[in-house]
Amino acid sequence: MKRDPHADYRPRSRPLSHPTNETAQQSPSWAGATPALGSVALPGPMVRREDVPLHDDVRWLAAALGRVIRRLEGEQAFETIETLRRACRARRHGDPSAPSLDQLLAQVEALPLELSAITARAFTLFFLLINTAEQVHRVRRTRAYRTTSENTEPQPASAQWAMRNLKRDGHSAQEVERAILGLDVRPVLTAHPTESTRRTLLGLQARVADALLAREQTPAAERHGIEEQLDGEVELLWVTSEIRQDRPSVRDEVSTVLWYLETRLIDAGAKAREALLRAFEEEFACSSEVLRSAVPVRIGNWVGGDRDGNPFVTPDVTIATARRGSYSILGRYAAALKDLVERLSVSAQLAPASDELRESLEIDRRLLTDVWEANRRRNADEPVRLKLSFMQGRVEATRRLTAARDAGKLADEPAAYRHSTELEHDLALVRENLVSAGAMHATRTTIDPLLATLRAHGLHGFLMDVRDHADNHTAAVADIAKQLGLPDFDGEALRRELLGRRPLVSAHVPLSEATTRVLDTFRAVCTIQKEMSEEAASTYIVSMTQSGDDLLRVLLLGREVGLLDLAADPPESSIDVVPLFETLEDLENAPKVMRALLDDPVYRRQLAARGNKQEVMIGYSDSGKDAGILAASWALYQGQEELAKLFAEAGVSLRLFHGRGGSVGRGGGSPVYRALAALPPGTVNGRLKITEQGEIISQQFGLLPVAERTLEVTLAGALLQEFTKWTESVSADEMESYRRTMRELSDASLGVYRDLVHEHQALFTLFRTATPIDELAEARFGSRPAYRPGSTPGIGGIRAIPWGFGWTQIRLMLTGWLGAGTALAQATSTPEGLDRLRRMVKQWPFFDDLLGKIEMVCAKTDLEIARAYVRPRAARPARRRVPQDDGRRAAHPEHGAPPARHAGAPVGDRSAQSVRGSAIPVADRAAEEEAVAPRGGERRARESRVGAGDDVERDRAGLEEHRLTVHRLTSDSR
């Protein structure tokens with residue numbers, strides 16, 4: 001029986017409302033009284049019954065914001081905002097009496113400057129509150145599945161749903177248990193500068209969400225206090241700046257990551273793990289003690305360790321980041337142990353302590369005499385409680401030692417734990433005594449959760465990756481050779497050095513400042529491993545890997561500081577060197593590069609020292625920028641298949657690290673479960689590592705229940721990927737025809753994308769002039785520059801993140817569709833081609849997901865809004881000026897002078913208009929060639945738009961034909 005993985009996103013009941021004209025409502029929705037549940041004016045023609053509470057929340061928050069604006073900014077501001085909001089909403093819903101976009105823009109242009117700023121802030125904060133309400137609704141829907149008797153089936157993509165499906169498909173408890181034990185899911189937090197929400201606002205959003213949930217669960221007569229609290233939070237939101245006044249430092253970004261770790265991810269990971277184990281036991285009607293030691297999810301981190309292109313990530317910052325993570329998790333352990341001291345009052349008279357426990361107390365007594373003196377009488381008959389008090393004291397000593405190191409002070413803390421295994425051993429002693437006392441349930445609810453957290457987070461908190469560019473290692477090794485009077489180290493020389501022990505670097509060898517920084521990064525990894533553990537920082541990622549020598553250079557530099565010794569017998573290494581393949585060419589060459597390394601006896605010694613395990617990172621963002629969505633997606637898919645086959649034949653365990661961004665153009669955009677189902681079979685094997693970047697972090701983990709759901713779905717998806725069966729329904733010949741079609745689609749789209757993006761300058765000129773990229777580059781979102789240092793001008797110099805972010809700001813969303821329309825149009829030009837693509841949608845999860853992402857991007861694209869940025873608007877008064885560059889881009893003079901409007905000229909300056917006008921034919925061409933419609937229904941097809949250019953009617957006529965084509969392609973596929 002085939003189950004629909006998208007069922008979670010489809011309507012399950014009849015709508016409550018019909019199309020409404022909001023202008024007929026009795027009172028403004030921003031200022032009216034809070035409506036009763038079910039009486040809310042529903043914004044749109046189709047609203048599911050279960051979504052009514054969402055609209056209630058939105059209306060309530062809008063009313064609260066309206067009251068704040070009216071009170072603090074005055075009646076004129078309120079009426080201006082409310083009038084404009086109603087007009088925009090009417091236009092969006094196709095009301096024939098609604099003003100056009102040009103008329104709306106004219107209204108905005110006519111506003112006084114001060115009122116314009118207030119209006120802009122109002123809409124910004126309104127959307128922020130809407131996002132909060134949507135997250136709350138995700139929590140509400142999850143709870144509804146668990147508490148509503150009407151739902152006989154578990155929530156799609158949940159752990160319970162996954163276990164039920166596995167059991168229905170005939171898999172045994174032993175098979176599933178083995179797969180769970182092999183799970184190693186690792187979300188990796190990054191600080192890429194697309195998260196524009198301040199940490200202050202993240203905290204405020206969380207409080208608003210908590211209050212909304214509390215309000216829903218409180219009797220109506222008792223809601224006044226909660227609603228007053230909500231009013232206060234909305235008021236604070238209005239008087240809080242959305243943007244920092246200074247650019248965040250790396251340490252600021254570390255603080256944000258730690259906020260997620262402390263308040264969200266530790267607890268969410270524990271809850272997701274418990275949900276997975278509980279679902280297994282319930283569905284298969286058996287218990288498994290071995291699963292109690294499973295660690296299916298751990299948290300990774302790039303912040304403070306990602307040096308690629310960020311000069312502010314120094315070796316000192318890397319060490320400080322690791323120490324702060326350790327200090328944070330140790331605080332959690334200390335609090336948990338303090339709670340256990342209060343709860344575990346096991347009497348030795350009723351349950352005698354083991355000899356091992358009593359011996360350990362004697363050792364602790366000598367280490368912590370103050371703890372002994374404070375508790376020896378009170379806990380004379382309670383050895384378990386006394387042991388926990390000693391453990392708390394030792395954790396606090398470890399925390400003091402970490403703080404002293406971070407402050408640069410020498411400290412003597414003999415009681416401090418030196419490794420997480422010591423704390424785990426002590427917890428196991430306590431557990432053993434509880435089990436001996438017969439307190440099995442107490443053990444499972446008190447000790448086991450703490451043990452699981454310790455196994456997942458150790459004494460370090462998160463697993464930090466270090467990353468640097470291959471060119472920096474090449475330059476460092478060349479500098480060392482030069483200072484020693486040696487020729488450049490070629491591949492053979494690198495191998496000879498790695499098999500020997502001759503030191504190349506000493507205090508007497510003068511090195512450049514850049515080389516010293518590179519070596520200091522490796523020394524920082526050594527320091528972290530010595531202070532915490534090897535796993536605290538054992539992954540070193542090499543950006544832009546192009547050959548096996550790029551990895552050998554890293555090994556040589558690591559050898560110089562003591563991270564490895566491949567000449568030893570057996571070889572020793574405490575670092576995993578991870579190649580990152582980013583561009584289309586690099587992805588295509590990845591199997592060749594890795595095959596050479598697997599055949600290399602020297603590198604095989606490195607693999608042997610690391611347990612015959614290898615991690616390979618694949619870059620979605622840069623490949624998308626390089627080749628466009630279709631060609632990049634296909635190259636990534638093939639690359640994963642070939643790498644998995646290669647490593648399986650070599651007998652080496654492979655972990656693929658997916659460097660996805662949040663947007664479709666950067667590899668994201670899919671629901672978690674669907675994205676995992678779309679990965680090639682046999683490439684996950686329970687080991688999933690994936691970046692969580694920018695604004696996606698707050699969307700996925702901003703609320704604790706949402707974070708729990710995100711990790712639970714990820715675990716369930718990774719588990720089900722092990723048992724995927726879709727290949728059984730497709731013959732080998734049919735699959736080969738699908739792959740041939742995908743190659744044709746890729747080639748066709750690549751030609752269009754490369755021609756427009758890389759071969760001609762006009763599109764990049766359009767990008768620089770029509771999007772707010774230069775303002776975004778100067779915005780204080782993150783610490784990393786928008787352009788790669790030393791890069792060439794144009795498309796090659798800008799990072800993939802601002803490239804995608806800029807197109808998003810003007811609602812053209814170009815990175816998610818450019819090239820796809822031409823390719824799909826060619827493929828569906830014959831009945832046979834159309835039929836084949838329809839079968840591909842039904843039978844191939846990869847293609848289904850790919851088309852689904854493009855559909856979603858098209859639905860978000862708005863031609864009229866994009867054209868307002870692209871078209872010159874000579875009649876627009878040039879009222880505001882962009883501030884002069886403040887010097888931060890001076891480090892990248894190779895990018896040339898900014899366009900005229902970014903050099904202090906008015907926005908409407910004629911020179912800027914002429915530059916923009918010269919690029920419009922390129923946008924026209926893109927609009928004519930690129931026409932991608934959404935799948936799954938006429939309503940969404942009508943909402944889809946793609947392209948930009950001069951003539952609205954011509955664009956729409958050209959797009960409609962392709963919309964209908966792709967609608968025919970997919971309309972009967974679900």
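Colleague: Why is A173 called buried?
Modeller: A173 has a relative accessible area of 16%. Buried means under 20%, exposed means over 50%, and partly exposed lies in between, with a 1.4 Å probe and protein chains only. At 16%, A173 therefore counts as buried.

Colleague: Where does A173 sit?
Modeller: A173 is in helix α6 (residues 173-181). Helices are DSSP runs of H or I with at least four residues, strands are runs of E with at least two, and both are numbered from the N terminus. A173 is 107 residues from F280 in sequence, yet their C-alpha atoms are 8.0 Å apart.

Colleague: What kind of model is this, and which parts count?
Modeller: This is a predicted model, in which local features need pLDDT of at least 70 and side-chain atom pairs count only at pLDDT 80 or more, while totals for chains, interfaces and linings use all residues. Residues are numbered from 1 along each chain as its sequence is written, and side-chain values use heavy atoms, with hydrogens and water left out.

Colleague: What makes L72, L236 and V239 a patch?
Modeller: A patch takes residues with over 30% relative accessible area and no salt bridge; like charges are joined within 9 Å, and nonpolar side chains (Val, Leu, Ile, Met, Phe, Trp, Tyr) within 5 Å. L72, L236 and V239 form a nonpolar one on the surface. Together they have about 270 Å² of accessible area, from the Shrake-Rupley method with a 1.4 Å probe and, for residues, only the protein chains shown as cover.

Colleague: Why is L72 called partly exposed?
Modeller: L72 has 39% relative accessibility, so it counts as partly exposed. L72 lies in helix α1 (residues 52-73).

Colleague: How many aromatic pairs are there in the whole structure?
Modeller: The search finds 19. One of them is Y637 with F846, at 4.4 Å centre to centre and 40° between the planes. Rings of Phe, Tyr and Trp (its six-membered ring) pair if their centres lie within 6.5 Å; planes under 30 degrees apart are stacked, over 60 edge-to-face, and the rest tilted. At 40°, Y637 and F846 are therefore tilted. Y637 is in helix α23 (residues 629-650) and F846 in helix α33 (residues 845-860), 209 residues apart. Y637 counts as buried at 3% relative accessibility, and F846 does at 7%.

Colleague: Why is the pair of Y738 and W844 called stacked?
Modeller: Their planes are at 15° and their ring centres 6.4 Å apart, so the pair is stacked. Y738 is in helix α27 (residues 732-759), and W844 is in the loop between α32 (831-843) and α33, 106 residues away. Y738 and W844 are both buried. Ring pairs join W634, Y637, Y738, W844 and F846 into a cluster.

Colleague: How do you know that R70 sits over the ring of F78?
Modeller: The test is NZ of Lys or CZ of Arg within 6 Å of the ring centre and within 35 degrees of the ring normal. The charged end of R70 is 4.0 Å from the ring centre of F78. R121 lies over the face of W238, at 4.7 Å from the ring centre.

Colleague: What makes R467 and D306 a salt bridge?
Modeller: A salt bridge needs a side-chain nitrogen of Lys or Arg within 4 Å of a carboxyl oxygen of Asp or Glu. In R467 and D306, the closest N and O atoms are 2.8 Å apart, so they qualify. R467 lies in strand β3 (residues 463-469) and D306 in the loop between β2 (300-301) and α10 (315-343), so the pair ties together parts 161 residues apart in sequence. R307 and D468 form a salt bridge at 2.7 Å. R307 is buried at 12% relative accessible area, and D468 is buried at 1%.

Colleague: How many salt bridges does a search of the whole structure find?
Modeller: There are 64. Among them is D51 with R48, at 2.9 Å between the closest N and O atoms. Salt bridges also link D184, R186, R298, D465, E535, E615, R655 and K689 in a network.

Colleague: What makes helix α28 largely enclosed?
Modeller: Eight of the nine residues of α28 (residues 762-770) are buried, so the rest of the structure largely encloses it. The buried ones include F764, F767 and R768.
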